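Open the model in your viewer and keep the selection tool at hand. The tour goes from one selection to the next and says what is there.

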Amino acid sequence: MAAQPRRNRVSDPDMSSPHIRKPVSVQREMFTVLLALVPGITAYVWQIGAGILVNLVLASLTALAAEALVLKLRARPVAITVTDGSALVTAWLVVLALPSIVPWWLTVLAVLVAIVGAKHLYGGIGQNPFNPAMAAYCAMIVAYPALMSQWPAIGNTDFTTQWHLILGGERAIDGLTGATALDAMRTGLRGHTDVTSILSSSAFGFVGGRGWEWIALGHLLGGLFLLATRTISWRQPLSFIIGLGLTASVFWLIAPERFPSPLFHLASGGAMLAAFFILTDPVTSSTTPRGKLIFAVGVGIIAWFVRTFGAYPEGIAFGVLLMNLCVPLIDRSTQPATFGQRKEKRP
Amino acid sequence: MSLPHLFRFPGGIQPDAHKKESSEQPIRPVPLPARLAVPLVQSSQGSARTIVTVGDKVLKGQCIGEAEGNAGTAIHAPTSGRVTEIGRYPMAHPSGLDTLAIVIEPDGEERWIAREPLDMASASHEELILRVQASGIVGMGGAAFPSHIKANSKIDTLIINGAECEPWISCDDRLMRERSADIVTGARILRRLTGARRVLIGIEDNKPEAITAMKLVVQAAADDGGEISVITVPTRYPTGGQKQLIRVLTGFEIASNQRSSSFGVQCFNVGTAHAVCRALVHGEAMVSRVVTVTGNVEHPGNYEVLLGTAVADLIELCVAKPGTERTLMGGPLMGFTLPRLDAPITKSSNCIIAASNTLFPPAPPEQPCIRCGSCAQSCPTGLLPFELYWSSRAKNYDGAVHYNISECIECGCCAYVCPAHIPLVDYFRFAKSEIRARNQEKRAADQARARFEARSARLERDKAEKAARLTAKAAETRAALAANKDAATDANDAALIAAAVARTQAQSQAQPPASGQNGGATPPEPSI
């Protein structure tokens with residue numbers, strides 16, 4: 001009878017080939033991603049205030065504790081998975097997706113939803129069909145729409161104030177919050193104001209939201225670093241930018257007074273964060289080369305439609321979750337041809 | 001001269017080469033070992049039949065095993081000496097199983113049998129092919145496919161594989177540097193045998209000395225009616241794989257179920273071309289090969305090793321340093337751990353690596369797959385190894401077949417790049433063997449069913465035939481009876497009547513009717 005494989009090892013890996021391995025690890029990839037988030041976070045602290053750091057610490061601790069606890073409950077190896085950095089990446093992305101002055105418990109709740117609900121209920125790292133950070137964001141915006149729309153106002157970067165908003169019980173928020181660029185644009189357009197006059201309001205900077213466009217630039221830099229280190233594929237960022245940019249271009253060219261420019265769309269909201277850090281999540285994105293393109297184009301198109309016609313100002317998270325659902329189908333129908341079956345150029 | 005257009009194969013990896021450790025010293029001889037155990041099976045396709053008995057004196061290069069069948073290849077005494085045993089010896093195989101081997105005790109004289117070079121000008125194609133087979137030549141790159149089969153096909157492009165893409169191995173490199181003339185002569189013979197229009201010698205660009213040496217020989221020789229070119233190919237594992245090198249040099253992509261000859265291409269290792277030259281031009285059968293011994297040893301290098309030399313002898317010669325945990329045969333990407341060191345060097349053993357945990361660190365613990373797709377990017381066959389992994393792990397073998405597991409060449413690229421340190425190739429080997437077993441079972445079941453159905457049908461047919469035969473016979477008898485009825489009955493009746501009449505007459509003549517108790521033919525005389 002054929003031998004049954006052991007739980008984690010088919011055979012002794014030291015006995016069978018290959019006998020050498022590239023010095024890579026999940027941990028290394030995850031910490032590279034964390035490093036790539038630093039420029040965006042730096043811009044955040046500079047433009048919006050250091051309050052986000054409180055949330056980052058809070059979210060990181062919650063994520064690690066939740067990860068360890070669930071792994072223990074599930075009788076899985078704890079140390080190796082807790083230290084792989086994946087929980088920290090999820091925690092940081094949740095924080096970057098939420099307004100940075102939400103009360104502390106909302107951050108904790110969002111991280112728990114991400115780690116326990118979206119990740120471990122589906123089987124832990126590698127098994128979750130939905131991007132944990134985006135699932136948490138969507139759950140929070142549905143459950144706490146008011147808190148989730150209180151974005152810190154540009155110019156009020158005082159740390160003490162933000163500290164009290166996050167950790168204090170009372171929320172005297174008048175004058176401390178402001179509309180984001182996407183919010184202002186949506187409200188303006190609903191009020192039948194044209195794009196040009198909306199853009200003249202104080203919420204807007206050079207191309208996107210005032211202040212926020214610097215954060216987007218930070219994420220773009222981080223993303224380029226990930227591309228340079230080959231940590232991520234170029235396929236998702238590029239095709240997302242094309243999907244969102246092209247859809248926005250078509251409508252903008254038809255009616256520029258009613259639809260903002262593609263540049264505005266790409267520089268606002270979470271577009272850059274999503275392009276380089278969310279869509280490139282290996283677990284929940286499509287895995288085939290063509291599948292990655294389809295997946296990210298889809299997110300871009302859905303994001304534009306939700307932003308333009310939906311009930312929420314930002315639509316990327318919904319686009320991601322919807323396309324996450326399609327991943328098995330996309331993967332199955334984009335299986336690449338094997339060697340000898342490819343339509344490659346012949347001599 | 002314009003640069004040749006090279007093609008790309010998908011994936012591939014670029015691990016540290018580690019060639020310099022062994023490639024900087026000339027090929028050195030090995031002192032005669034105390035014993036040589038030459039296995040009868042030296043090729044992937046066939047075996048040899050022993051033609052010596054224990055006690056026989058043999059000369060170096062003397063045939064000791066004849067080619068068995070068309071695909072078999074002969075084996076020869078690696079040195080002069082005495083056959084001391086024909087018995088089961090360990091195989092150079094990951095299983096460590098035994099195989100039949102002829103054991104020769106060297107007499108130390110290294111006396112060659114009379115060498116009979118072929119006159120290349122007058123020898124016929126068949127003679128050349130027969131000599132290739134009789135000299136025991138098989139592919140020396142690792143697959144050990146019988147060369148006389150490959151050389152006996154008509155093709156357009158002959159490829160000589162000097163890529164040597166696996167790290168640490170440098171035996172082909174040294175061979176090309178030192179024996180380029182013989183390699184090119186062998187290539188010319190193979191070109192003649194195959195009728196190839198051109199010969200492409202592919203060498204990875206990390207072997208500049210070999211490239212120079214080969215180019216020198218090719219350029220020095222007068223043009224003899226065909227194009228021979230040395231082509232530098234980029235260093236990228238597994239360029240030395242036959243199908244990968246064919247892709248790089250010619251652009252043809254040969255699927256797993258296709259043969260290169262149907263594309264007009266045939267590929268031989270440089271070592272094989274060298275052996276062809278030695279056999280045909282010098283009359284020397286294949287009795288030795290160049291083996292790289294490297295890794296954690298004091299004297300790494302390339303050695304001319306007699307076939308049948310135990311790996312332990314080589315390790316002893318090169319002196320394993322402390323910390324050597326295990327010994328690999330072949331390269332670090334496709335080679336295997338030798339379960340026992342008394343295994344012999346065979347025609348396809350290109351490299352022996354003494355592995356320490358420093359040079360070849362044990363695999364870190366396996367982590368869950370994060371579907372990053374690095375494996376798919378590195379796969380030279382264009383597979384999705386992570387999908388194969390999910391299927392294999394779940395024992396969903398239909399899924400594994402759907403994702404073309406049979407196309408996997410086990411090159412190890414996927415496991416090399418995996419950030420979760422999953423031993424992917426091990427999963428695939430396991431799934432492949434399960435699928436093979438399943439197919440065998442299915443075939444056996446199909447055969448049994450076919451046999452049963454055939455038997456049932458036969459029994460059924462026999463029964464029907466028998467019934468038909470009986471019916472026919474009955475009808476026939478009945479018809480015959482009916483046809484003969486009148487005549488037969490009349491004759492019978494007439495006879496019976498005649499008999500009865502005769503009897504009655506006899507009785508009435510012999511005695512009066514009153515005394516007829518014992519009416520018979522000869523009634524007793526009444527005693528009155």
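Predicted model: local features only at pLDDT ≥ 70, side-chain atom pairs only at ≥ 80, totals over all residues.

Residues are numbered from 1 along each chain as its sequence is written, chains are lettered from A and ligands numbered from 1 in the order in which they are written, and side-chain values use heavy atoms, with hydrogens and water left out.

**Stop 1: the domains of chain A**

Select 25-178 of chain A, which is domain 1, and then 180-331, which is domain 2; such bounds come from an automatic or database domain assignment. The C-alpha centres of domain 1 and domain 2 of chain A are 20 Å apart.

Now show where these domains touch. In contact (heavy atoms within 4.5 Å) are 32 residues of domain 1 and 27 residues of domain 2 of chain A. Between the two domains of chain A, about 2,700 Å² is buried, and carbon and sulfur atoms give 80% of that area. Buried area is the accessible area (1.4 Å probe) that two parts lose on being put together, summed over both.

How many salt bridges does the rule find across the interface of domain 1 and domain 2 of chain A? It finds zero; a salt bridge needs a side-chain nitrogen of Lys or Arg within 4 Å of a carboxyl oxygen of Asp or Glu.

Next, select helix H1 (26-47) of chain A, one of the elements that supply at least two residues of the domain 1 side touching domain 2. H1(A) gives the largest share of that side, 12 residues. Helices here are DSSP runs (H or I, at least four residues), numbered from the N terminus.

**Stop 2: chain B against chain A**

Show both chains. Their contact takes 68 residues from chain B and 48 residues from chain A. The area buried between chain B and chain A is about 5,100 Å², with 55% from carbon and sulfur atoms.

Across the interface of chain B and chain A, the rule finds two salt bridges. Select A:Arg342 and B:Glu253: their side chains meet in a salt bridge at 2.2 Å, N to O.

Finish with helix H14 (424-510) of chain B, among the elements that give two or more residues to the side of chain B touching chain A. The largest share of that side, six residues, comes from H14(B).
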